[in-house]
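I opened this notebook to record, step by step, what I looked up in one protein chain. The entries below follow the order in which I went through the model.

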Amino acid sequence: DELLASADLALEAAKDGGRGRLEVFAPQLGEKSRRKQSIERALRDAMSQDALEIHWQPKVDTHTWRVSAAEALLRWRHPTLGPISPAEFIPVAEASGLIDSIGEWVLRNACRQAARELPGLCIAVNVSPAQFLRPDFLDSVSNALATAGLEPGRLEVEVTESLFMGEVPIALNNLHGLRKLGVRVALDDFGTGYSSLAYLRRFPF
């Protein structure tokens, strides 16, 4: 049982590192696995206790040096582990199925804060592929805008290239649906994944 458990940990580490590689078991893999499990449990509590926070990163117009927009960044300070990087807890949220709920929370609260605290500024919100490909995604965006009283033209949804590795027809439908709502769409981190210039022609960025 111990041997199989160690092999599972090595397999998980190999998958996390990408395809076509091997990983030799080491004791720290067990520690890493336990930390992921504890983060997942705490993340569920954080959702119910409103322990997540949105920080705003300004976008500056370099011609006028004025803030022209702001990007919503999700942050989480664990009560005992301290600040946990999104690079660590977002993959846990994706693997555990929590990303949909977290993404919905960010979208709703970002729109609300933008309407109340960032008058006149456009805002950008990152959306995960799992959230974007939900059948009710366009409804959730419409509801977030209507509830907050935010003009659709002030919202920009940022997606990554990994979105196009799966259900492309659904992705295309939702992209065009956002444009019809008046919401802008941006391709985030272009060139860091399975890049294709065809994306820029085929999809309404």
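**Entry 1: the whole chain**

I began with the overall make-up and found 8 helices and 6 strands in the protein chain, where helices (H or I, at least four residues) and strands (E, at least two) are DSSP runs numbered from the N terminus. I noted that this is a predicted model, in which local features need pLDDT of at least 70 and side-chain atom pairs count only at pLDDT 80 or more, while totals for chains, interfaces and linings use all residues. Residues are numbered from 1 along each chain as its sequence is written, and side-chain values use heavy atoms, with hydrogens and water left out.

Reading along the sequence, I wrote down the pattern α-α-β-β-β-α-α-β-α-α-β-α-β-α. Of the 205 residues, 40% are buried, a word that stands for under 20% relative accessible area, with exposed meaning over 50% and partly exposed the range in between (1.4 Å probe, protein chains only).

**Entry 2: helix 3**

Which residues of helix 3 (residues 86–96) are buried? I listed Phe89, Val92, Ala93 and Ser96. Seen down the helix axis, these buried residues fall within an arc of 100°, so they line one face of helix 3; the arc is that of the directions from the helix axis to the C-beta atoms. Ala87 and Ala95, on the other side of helix 3, are exposed.

At the N-terminal end I found Ser85 as the cap of helix 3, with a side-chain oxygen 3.0 Å from the backbone nitrogen of Ala87. Just after helix 3, Gly97 takes a positive phi of about 85°.

**Entry 3: Trp65**

I then turned to Trp65, which sits in the loop between strand 1 and strand 2 (66–78) and counts as exposed because its relative accessibility is 65%. Trp65 is not a glycine, yet it has a positive phi of about 60°. Most residues other than glycine have a negative phi.

**Entry 4: Asp100**

Where does Asp100 lie? I placed Asp100 in helix 4 (residues 99–117), and at 23% relative accessibility it counts as partly exposed. Leaving aside neighbours within four places in sequence, Asp100 is in contact (heavy atoms within 4.5 Å) with Ala130, Gln131 and Arg134. The C-alpha atoms of Asp100 and Ala130 are separated by 6.8 Å, although these two residues are 30 residues apart along the chain.

Methods. A polar contact is a pair of N or O atoms within 3.5 Å; within protein, one must be able to donate a hydrogen and the other to accept it, and residues adjacent in sequence count only if both atoms are side-chain atoms.
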